[in-house]
Amino acid sequence: MRGEPSCPKCGGRVRAPGLFADSWQCDVHGVVHPLQPVVPPSVEALTVALKRAKVPVWMPWPLPVGWLFTGVACAGDDRSGSRATVVACSGPGPLGGLGEMLLVAEELGVGLGARYAGVKGPDPGAYINMDSPPQAKLLAAGRPTPLWHLSGVPDDRAVFAGEACGLWLWAIVWPEQSGLMMYDELILTDLRDAGAEVDLVPCGALSPRLLC
């Protein structure tokens with residue numbers, strides 16, 4: 001588990017703002033929004049993430065039967081707030097076994113979704129065939145939201161991406177067969193708008209997918 005902020009694009013070390021720079025710096029990617037240390041999933045950890053977030057914190061809500069919240073991470077700092085969030089959930093896969101999902105909301109160029117998707121970033125545009133219709137549709141904050149199934153991703157996962165609330169939305173699912181659940185018109189809620197219902201989120205063990 002990380003104990004220090006890291007680069008959202010590569011996981012490398014970052015330098016904090018100082019005398020000669022007013023932003024976080026990665027030796028490879030330059031100015032970045034630092035990925036904060038991942039902490040064990042709990043309602044308290046989720047509440048802290050919600051207070052910092054300047055972008056949606058997406059979760060299927062209500063969660064599918066048997067599914068649990070298994071972690072949250074944010075890219076940004078106390079000064080600028082979180083400019084990317086990722087929520088992990090896990091539960092029974094549609095074809096049996098364990099399914100895992102990461103939902104990423106991020107501003108243009110942050111690169112966190114591409115890192116978890118296992119593709120070159122920072123954004124999914126190069127992997128989306130806009131000439132074809134979207135392969136999945138869901139409701140995000142009550143709005144119909146099309147997602148495209150990305151090509152060129154690692155074989156162990158399915159990756160979908162699109163736009164919601166003017167920001168990138170990534171859905172990354174393991175194993176690849178569990179991507180079938182993306183065709184069931186999932187309902188995503190921005191937990192910043194969930195109010196007291198956040199206290200009802202069922203928590204499981206920390207997802208190792210957040211620690212890649």
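Phe160 is buried, at a relative accessible area of 1% (buried means under 20%, exposed over 50% and partly exposed in between, with a 1.4 Å probe and protein chains only). The model is predicted, so local features need pLDDT of at least 70 and side-chain atom pairs count only at pLDDT 80 or more, while totals for chains, interfaces and linings use all residues. Residues are numbered from 1 along each chain as its sequence is written, and side-chain values use heavy atoms, with hydrogens and water left out.

**Aromatic pair**
- The structure holds one aromatic pair (ring centres within 6.5 Å, with the six-membered ring taken for Trp; planes under 30 degrees apart are stacked, over 60 edge-to-face, the rest tilted).
- Phe160 and Tyr183 form this edge-to-face pair, at 5.8 Å centre to centre and 80° between the planes.

**Nonpolar cores**
- The largest nonpolar core has 39 residues, and Met101, Leu138 and Met182 are among those with the most contacts inside it (a core joins buried Ala, Val, Leu, Ile, Met, Phe, Trp, Tyr and Cys through side-chain atoms within 4.5 Å).
- A second, separate core of 27 residues includes Val104, Tyr127, Trp168 and Trp174.
- Leaving aside neighbours within four places in sequence, Met182 is in contact with residues including Met101, Leu138 and Phe160 (contact means heavy atoms within 4.5 Å).
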